[in-house]
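Welcome! Take a look at the picture, then read on.

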Amino acid sequence: MNTLTEQQLRAAFSDHRSPPDPFDIVAPDNATPFPDDWLADKREGLRGAAILVPFVRDADGGLHVLLTQRAAHLKHHAGQVSFPGGAREPGDTSLADTAIREAAEEVGLASGRTDVVGYLRPQWTISNYAMTPVIAIVDGPVDLTLQESEVADAFQVPAEVLLDRRRHRIERRTFQSIEFDTVEILWRERRIWGATATVISRITKIMENNEL
């Protein structure tokens with residue numbers, strides 16, 4: 001992929017609006033076989049959540065994706081690479097509010113510099129969240145303040161590197177009798193996998209479908 005521009009990202013996500021049902025989770029990628037009752041079962045007891053996928057715009061107009069590494073002591077997804085985000089709270093008026101609030105709490109990302117451009121459909125996580133990815137462009141450079149109780153580190157990857165399909169390692173896995181594809185991305189010393197890599201893969205597919 002060539003250098004990704006802000007205009008290309010906005011065009012690709014222009015029709016990807018906030019999901020009307022934040023619990024309408026999508027199936028795992030290329031799940032086969034896929035029983036009709038699998039999603040219905042997963043929707044039981046789901047908690048709503050949102051993550052921010054921040055494309056940070058640098059002084060030259062280039063885009064870098066901001067990622068975090070979760071603290072090692074956390075109960076869920078300890079030490080994994082992730083996007084800032086978390087559960088919806090009563091004061092959140094939208095999924096974007098949740099994602100932006102969580103990003104401000106976790107890494108100190110200023111809400112006034114964040115421009116939401118689109119959404120992905122909610123996906124199920126093994127911690128039983130319906131997680132909606134919120135795609136945003138952030139005016140950089142960013143001066144981060146990490147919430148050390150949750151975030152061990154934060155780093156940025158050039159968007160065209162992260163969305164390069166040739167870097168995505170696909171493996172077939174089985175979970176609760178369902179076979180599906182998982183994604184792993186290696187960048188320098190980082191291993192990006194699980195729900196985070198799935199989000200990146202889904203964004204990559206949208207960009208590819210738009211021939212960008």
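**A first look around**

Helix 3 is followed by Gly108, a residue whose phi is positive, near 75 degrees. Keep in mind that this is a predicted model.

**The protein as a whole**

- The secondary structure comes to five helices and eleven strands.
- Along its principal axes, the C-alpha trace spans about 50 × 40 × 35 Å.
- A compact globule of 212 residues would have a radius of gyration near 17 Å, and the 16 Å of this protein agrees with that.
- Buried residues make up 48% of the 212 residues.
- The accessible surface comes to about 10600 Å², and 47% of it belongs to carbon and sulfur atoms.
- If you take the contacts between residues at least 6 apart in sequence, 68% of them join residues at least 24 apart.

**The nonpolar cores**

- In soluble globular proteins, nonpolar side chains tend to be buried together.
- The largest nonpolar core here has 33 residues, and those touching the most other members are Leu9, Phe13, Phe55, Leu67, Ile135 and Ile203.
- Several elements give two or more residues to this core, among them helix 1 (6–12), strand 1, strand 7 and strand 10 (178–187).
- Helix 5 gives the most to this core, with six residues.
- Leaving aside its neighbours within four places in sequence, Leu9 is in contact with Leu4, Phe55, Leu63, Val117, Ile135, Ile137 and Met207.
- A second, separate core has 16 residues, including Ala50, Val56, Ala99 and Leu109.

**Helix 3 in close-up**

- Helix 3 covers residues 95–107, which makes 13 residues.
- From its first C-alpha to its last, helix 3 reaches 18 Å, close to the 18 Å expected at 1.5 Å a residue.
- Ten of the 13 residues of helix 3 are buried, so the helix is largely enclosed by the rest of the structure.
- Those buried residues are Leu95, Ala96, Thr98, Ala99, Ile100, Arg101, Glu102, Ala103, Glu106 and Val107.
- Which strands do the buried residues of helix 3 pack against? They pack against strand 1 (47–57), strand 2 (63–70), strand 4 (85–87), strand 5 (114–119), strand 7 (129–139) and strand 8 (151–158).

Definitions and conventions: Residues are numbered from 1 along each chain as its sequence is written. This is a predicted model: local features need pLDDT of at least 70, side-chain atom pairs count only at pLDDT 80 or more; totals for chains, interfaces and linings use all residues. Side-chain values use heavy atoms; hydrogens and water are left out. Helices (H or I, at least four residues) and strands (E, at least two) are DSSP runs, numbered from the N terminus. The expected span of a helix is 1.5 Å times one less than its number of residues. Buried means under 20% relative accessible area, exposed over 50%, partly exposed in between (1.4 Å probe, protein chains only). Contact means heavy atoms within 4.5 Å. A nonpolar core is a set of buried Ala, Val, Leu, Ile, Met, Phe, Trp, Tyr and Cys residues joined through side-chain atoms within 4.5 Å. The radius of gyration is taken over C-alpha atoms; the globule rule is 2.2 Å times the number of residues to the power 0.38. Accessible areas come from the Shrake-Rupley method with a 1.4 Å probe; for residues, only the protein chains shown count as cover.
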